[in-house]
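Biologist: Before I rely on the labels attached to these helices, I would like to hear the reasoning behind them.

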Amino acid sequence: MKSLRWHFNQKQLDVFQKVGYELSDEKDYSDDEMSDMEEKISVYFQMHGLGDNDGVNSTGQICESIMDIFSEIN
């Protein structure tokens with residue numbers, strides 16, 4: 001289990017809220033929970049992270065930064 005909140009900035013935490021997660025410093029997250037978060041962030045990226053010509057927009061950049069952090073802490 002891992003405490004996650006401190007890894008992320010406010011813009012990233014806002015995206016977590018949009019996909020249904022309110023990260024807490026008080027909670028350790030299981031591998032299954034982290035996997036679920038990654039999946040939801042990935043889906044959110046696909047739905048909201050691409051702009052014109054399938055270029056990554058600012059929301060997509062935030063999602064990518066979250067995925068980068070997950071790859072570092074796993």
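This is a predicted model: local features need pLDDT of at least 70, side-chain atom pairs count only at pLDDT 80 or more; totals for chains, interfaces and linings use all residues.

Biologist: How do you know that the length of helix α2 agrees with what its 18 residues should span?

Modeller: Helix α2 covers residues 31-48, and at 1.5 Å a residue it should span 26 Å, while its end C-alpha atoms lie 25 Å apart, which agrees with that expectation.

Biologist: Which residues of α2 are buried, and what puts them on the same side?

Modeller: Met34, Met37, Ile41 and Tyr44 are the buried residues of α2, and since they cover an arc of only 85° around the axis, they are on the same side of α2. An α-helix has 3.6 residues a turn, so residues three or four places apart point the same way. The face turned away from that buried side carries Asp31, Asp32, Glu39, Gln46 and Met47 of α2, which are called exposed because the relative accessible area is over 50%.

Biologist: What do the buried residues of α2 pack against?

Modeller: They pack against α1 (10-18) and α3 (58-73).

Biologist: Why is α1 called roughly perpendicular to α3?

Modeller: The two helices pack at an angle of about 95°, with their axes 10 Å apart, and because angles of 65 to 115 degrees count as roughly perpendicular, α1 is given that name relative to α3. The contact is made by Lys11, Gln12, Val15 and Phe16 of α1 together with Ile62, Cys63, Ser65, Ile66, Ile69 and Phe70 of α3, and its residues divide into 7 nonpolar, 2 polar and 1 charged.

Notes. Residues are numbered from 1 along each chain as its sequence is written. Side-chain values use heavy atoms; hydrogens and water are left out. Helices (H or I, at least four residues) and strands (E, at least two) are DSSP runs, numbered from the N terminus. The expected span of a helix is 1.5 Å times one less than its number of residues. Buried means under 20% relative accessible area, exposed over 50%, partly exposed in between (1.4 Å probe, protein chains only). The arc is that of the directions from the helix axis to the C-beta atoms. Contact means heavy atoms within 4.5 Å. Axes are lines fitted to C-alpha atoms, for helices over the stretch in contact, and angles run from 0 to 180 degrees between N-to-C directions. Angles under 35 degrees count as roughly parallel, over 145 as roughly antiparallel, 65 to 115 as roughly perpendicular and the rest as oblique. Ala, Val, Leu, Ile, Met, Phe, Trp, Tyr, Cys and Pro count as nonpolar, Asp, Glu, Lys and Arg as charged, and the others, Gly among them, as polar.
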